[in-house]
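Here are my notes on this one, as numbered points. Have a look at the model first, then read on.

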Amino acid sequence: MLERIRADLKTIGAAALLVPHTDSFLSEYLTSDSERLAALTGFTGSAGLAIITQTQAVLFTDSRYTDQAVQQTDFEVLNIVEHSPVEWMSSHLKGKTVLYHAGTIRAGLALSLTEVLKKSDIQFQPINENLIDKYWVNRPLKPLVREFSYPIIYAGSQRQEKIRIVLKEMKKLGVDALAISDVESVSWLLNRRSDLSSYLPVVRRRLLLTRDGKVRTLSANALKLLKGQVVGVDLNTLPFDLYRKIKDMTFIQPMEDPIAELRAIKNPVEQNALRQACLFESAVICRFIDALYRHGAQMTERAAGSLLQRLRRENPLYLGDSFAPIVAVGVHAALAHYQADSQSDISLNSAPMVLVDTGGQYLNGTTDMTRTICLKKPTPLMKKRYTQVLKGHIALAQTVLKVGETPALLDANARQFLQADGVDYGHATGHGIGMCLSVHDKMPTVYGKSQVCLKEGMVFSNEPAFYDFKNRFGIRLENMLLTRQKGKQLFFENLIFAPFEPQLVDETLLSETDKEWLRSYHTEIERRIFPLLKPAEQKRLKSLIDFFKGL
């Protein structure tokens with residue numbers, strides 16, 4: 001494929017081709033027929049961008065995936081934070097033409113790169129033909145997708161009520177129509193879901209909402225009705241080819257998708273449904289931990305992932321996993337988003353610790369949690385790092401913010417104990433979580449430069465971590481938090497209740513505040529989750545609970 005693409009570039013007269021990890025709907029989770037970056041490079045991570053020239057093939061990805069990418073591809077792998085693709089192109093392609101497929105790149109990115117690269121005399125040029133598709137041998141078939149209505153008992157608000165709320169936002173923004181190009185926003189607005197993928201159970205449509213309240217499919221015919229009117233467009237959720245069509249017929253008003261914040265704020269019905277989903281998920285994790293203590297030495301990473309799925313299937317509301325289970329041992333756990341396959345799969349007994357990051361898609365909510373479990377004697381360094389991560393997790397959970405504050409303080413509180421020891425982790429501390437939508441929702445993100453203020457009803461993950469490739473281990477501890485408000489202050493309600501690992505706790509590093517939080521948290525596990533477990537499971541897990549209650 002690579003050499004054929006290079007031949008096409010030579011025929012066209014271009015120097016390079018840019019290939020992002022996206023599909024025509026700009027999704028994070030792609031169906032197999034849309035995994036173009038993987039088909040080209042062999043890299044299977046969910047974030048990446050490749051640049052092909054006549055003599056070079058470079059893959060840019062972030063710190064979650066750099067080690068994984070090195071193992072999976074022959075492309076030169078660069079950390080996108082340390083090596084900007086723009087700087088790379090400016091250095092290597094000055095005065096040349098770089099091509100990109102107009103249907104699989106965000107309009108905002110295409111427009112900004114066009115202007116930035118002009119400074120290096122680089123022409124950033126769209127093409128309508130996807131060169132990957134042209135040479136992709138044995139490309140999987142496009143999946144058949146069935147849509148279904150999302151029940152009001154979980155959505156909490158009817159479609160027409162949601163439309164009225166969005167129309168009010170449109171009036172404030174001064175637009176005649178809104179192009180709804182994010183599939184999660186479309187699914188939320190219509191109260192529709194699909195069996196496209198459990199990872200992303202969305203309807204693959206784009207809509208136009210006009211000020212008269214009518215909802216139409218985003219098409220050329222619908223755009224003709226809006227000729228000369230002002231249309232609100234989120235350039236980060238619309239591909240460049242659709243941007244050109246809208247621009248040809250209307251006046252575009254760039255803006256953030258107003259529905260992103262509306263769907264991020266869970267209404268009381270959604271909150272209660274999500275609490276129930278998380279209680280079931282917590283019981284699944286407790287049963288899983290019990291199974292690992294008893295049989296983990298005989299399991300492999302993939303077998304453990306299959307066990308999680310079997311436990312979830314007992315819930316009639318289960319649609320599938322919210323992402324592929326991450327069960328990682330030893331050096332695999334130092335890869336933030338490791339996925340075991342037939343070649344990499346190893347025994348859980350290969351190293352002292354097992355990192356398990358997993359979640360489910362249920363009709364009553366999307367879940368995500370992580371625990372690091374110890375099956376053999378840990379090293380002193382493992383205990384130290386685990387305890388530092390745990391202290392950061394507790395510090396974030398106990399933070400109280402003022403209304404109007406961003407999550408930046410949460411991120412700082414979670415990192416403080418690692419940073420004080422000269423170490424850190426390279427990803428955000430938390431991400432938004434959808435309501436039977438993406439496990440990685442747009443809002444809110446917990447990181448140091450976050451500009452989006454937290455609001456009551458927002459749900460996000462609390463997941464500080466530590467990765468040590470040299471010493472062959474990784475640690476991550478994740479719960480889901482619901483933002484609550486009292487007066488002018490925001491505090492956070494834990495939604496996941498699963499025990500931490502006694503063997504990895506260095507009690508000498510815990511403050512009295514840490515101990516009090518751990519005592520209270522594990523008391524809640526016994527109260528809320530133990531009634532959902534079998535008596536034998538309760539009995540075996542009681543020692544974990546008692547350890548923390550006795551701190």
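This is a predicted model: local features need pLDDT of at least 70, side-chain atom pairs count only at pLDDT 80 or more; totals for chains, interfaces and linings use all residues.

1. Phe500 counts as buried, with a relative accessibility of 2% (buried is under 20% relative accessible area, exposed over 50% and partly exposed in between, with a 1.4 Å probe and protein chains only). You'll find Phe500 in the loop between strand E27 (489-494) and H17; helices (H or I, at least four residues) and strands (E, at least two) are DSSP runs, numbered from the N terminus.

2. Residues are numbered from 1 along each chain as its sequence is written, and side-chain values use heavy atoms, with hydrogens and water left out.

3. Which residues touch the most other members of the largest nonpolar core? They are Phe288, Phe500 and Leu518, in a core of 87 residues. A nonpolar core here is a set of buried Ala, Val, Leu, Ile, Met, Phe, Trp, Tyr and Cys residues joined through side-chain atoms within 4.5 Å. Helix H13 (residues 268-295) supplies the largest share of this core, 12 residues. Another core, of 36 residues, lies apart from it, with Leu78, Ala102, Val231 and Phe240 among its members.

4. Val231 sits in strand E12 (residues 230-233) and is buried, at a relative accessible area of 0%. Not counting residues up to four places away in sequence, Val231 touches Val175, Leu208, Phe251 and Ile252, among others.

5. On to helix packing. The axes of H17 (residues 512-528) and H18 (residues 535-549) come within 8 Å and cross at roughly 150°; axes are lines fitted to C-alpha atoms, for helices over the stretch in contact, and angles run from 0 to 180 degrees between N-to-C directions. H17 and H18 are therefore roughly antiparallel to each other (under 35 degrees is roughly parallel, over 145 roughly antiparallel, 65 to 115 roughly perpendicular and the rest oblique). On the H17 side the contact includes Leu518, His522 and Ile525, and on the H18 side Lys542, Ile545 and Phe548 are among the residues involved. Leu518 also touches Leu390, Ile394, Phe500, Leu510 and Leu551, among others.

6. H13 packs against H18 at an angle of about 85°, with the axes 10 Å apart, and that makes H13 roughly perpendicular to H18. Contact residues include Ile289 and Tyr293 of H13, along with Leu541 and Leu544 of H18.

7. Some backbone spots to check. Most residues other than glycine have a negative phi, and most peptide bonds are trans. A cis peptide bond joins Met443 and Pro444, with omega about -15°, and Pro444 is in strand E22 (residues 441-446).

8. Leu26 has a positive phi, near 55°. Leu26 lies in the loop between strand E1 (16-20) and helix H2 (36-41) and counts as buried at 7% relative accessibility. Asn191, not a glycine either, has a positive phi of about 55°. Asn191 is in the loop between helix H9 (183-190) and strand E9 (192-194), and is buried with a relative accessible area of 6%.

Methods: Contact means heavy atoms within 4.5 Å.
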